[in-house]
Amino acid sequence: MSMVEQSFQTYEQQARRQRTYGNWRKPTTPGLLGMGSLGTTILFVGLVSLIVAWFVGGYRAAIPTVLGFGVVLGLLAFKDRHQSTTAERAGKWLTWALARRRGLHLYRSGPVSHVPWGTHQLPGLLAASELSEWTDSWGRPFALLRVPSTGHYSVIFATEPDGASLVDPEQVDQWVAQWGAWLASLSSEPGLVGASVTVETAPDSGARLKQEVELQVHPDAPAVALAMLAEVVARYPEGSATIRAWVSLTFSAATRPGARRRSAAEVGRDLASRLTTLSQGLMATGAGGARPVAAQELCEFVRVAYDPAVALTLDEARQQGQVPELRWSDVGPVAAESGWSTYRHDSAVSTTWGMTAPPRGEVFSSVLHGLLNPHADIDRKRVTMLFRPLDPARAARVVDLDKRAADFRATVSDRPTARAMNEQRAAAATAAEEALGAGLLDFAVMVTATVASEDRLPDAVSAIDMLAASSRLQLRPMYGSQDVAFTGTLPLGLMLPSHSALPSSIRGAL
């Protein structure tokens, strides 16, 4: 090979080098000793109180003051590897213990329960939810889920992702760019407060394959072809899995702060004319054909999520041409029990994890492939990515505050650490990109693993730990709130921060 050909090949390889992604930023507030603005404020209040106590009562008043503020600062200053303070961990355990003492971790529904009308109502955050069905401008029915406590309405799209197998890197880069542009456009959607993407892997019963083959086969086909198809239908579903994906969009009943809340009819008519544009935008991101989910289809999914044993029954009913008729008031579990690290519901038991840190450094677009693919030790697995777009005005304030906090941590010491310097550069880059018009959004990842029996749960937990490490994600079990976390991974568009008793501003200041 000549020097010219070798140089050209080297240049071509560099041109085809995969893009990398990163620079995720977790907004922080400036503070001392690793604490946020709230802890720093308490520190200064404690110092002033100590001085006043010393001059008023001497050491007899100063010692209790030091001990009291020392305990409070200790609860806020010491953090674990997931950046959770001692106060947060103690608050979670105390809340769960009180709920367990009152019996709130148990749920029973049906005719022998205390649920009104003897229905199988959904538990927890979805207990008061209402489901209705509307038709968009293309004549497609779509389900509209209303959560009265927050005034939110959710619509769900079912997608058929194309996948990245045998796809050129240039096409993958284009999909990622289109996905980023689609997410950035959500900040300009009137009334939109959040979005989520749910990818579920579950066992394939083979009923849909059998139905498809029976509809397409010709009676005069050769005997060899018929025998081959029959063998495929009989053996292919064994050990196979199906992968499904949904995109949920959550809208507020009030289009802007201070405006009146719209009714379900007003929101349904408004979204009927907007869903076509949103679904068309999804098709360019590699999501494949995106269509709104009808009410009956959504009822079936939630029913199976809480009772996986009924999945085969529903598939066989559809194979026989019988459309199951489910009501939203009957898709909940008959019995459920929320433990410290597990959630038992009808015929299965689940554990849910939440992301505490995104992948560090630069990653490729395939970083989540291992976590999204089926695993033999997990019967059902849901990976949900939650997005909360920020309007341009709020985004500017967030990046400016984050940049000032990073600058403070880098200049508070004469010898700043390498991590502080890297955070300062990353915050400056984020602020520069936002100033040039880039969108900003908060995101999180939640993972739910479901198995048929509790003795299989340790294998599922080990599998998730391994998959999270390969995806460079830092996950933590949602201790003490497994029932809420399980609901959050369903493609229903729930905005979990809106249901928290502690405001997000206080959580950020910790």
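A word on the source: the model is predicted. The protein chain has 17 helices and 13 strands. Of its 510 residues, 38% are buried. Now take contacts with a separation of 6 or more. In this chain, 78% of them join residues 24 or more positions apart.

On to α3. The helix runs over residues 59–77, which is 19 residues. From first C-alpha to last it reaches 25 Å, close to the expected 27 Å.

Which residues of α3 are buried? Ala62, Thr65, Leu73, Gly74 and Leu76. Look down the axis of α3: these buried residues fall within an arc of 160°, so they line one face of the helix. Recall the general rule. An α-helix has 3.6 residues a turn, so residues three or four places apart point the same way. Turn to the other side of α3, and Arg60, Leu67 and Val71 are exposed.

What covers the buried residues of α3? The cover includes α2, residues 37–57, and α4, residues 86–101.

Let me stay with α2. Its axis and that of α3 come within 8 Å and cross at roughly 170°. An angle over 145 degrees counts as roughly antiparallel, and the two helices are therefore roughly antiparallel to each other.

Now the contact itself. On the α2 side, the residues include Ile42, Leu43, Leu50 and Trp54. On the α3 side, they include Tyr59, Val66, Phe69 and Val72. Ala62, Thr65, Leu73 and Leu76 of α3 also meet α2. By type, the contact divides into 14 nonpolar residues, five polar and one charged. Arg60 of α3 is among the residues in this contact, and Arg60 is exposed.

Technical notes
Residues numbered from 1 in each chain as written. Predicted model: local features only at pLDDT ≥ 70, side-chain atom pairs only at ≥ 80, totals over all residues. Heavy atoms only, no water. Helix = DSSP H or I, 4+ residues; strand = E, 2+ residues; numbered from the N terminus. Expected span 1.5 Å × (residues − 1). Buried < 20%, exposed > 50% of the residue type's maximum accessible area, 1.4 Å probe, protein only. Arc of directions from axis to C-beta. Contact = heavy atoms within 4.5 Å. Axes fitted to C-alpha atoms, helices over the stretch in contact; angles between N-to-C directions. Parallel < 35°, antiparallel > 145°, perpendicular 65-115°, else oblique. Nonpolar A, V, L, I, M, F, W, Y, C, P; charged D, E, K, R; others polar.
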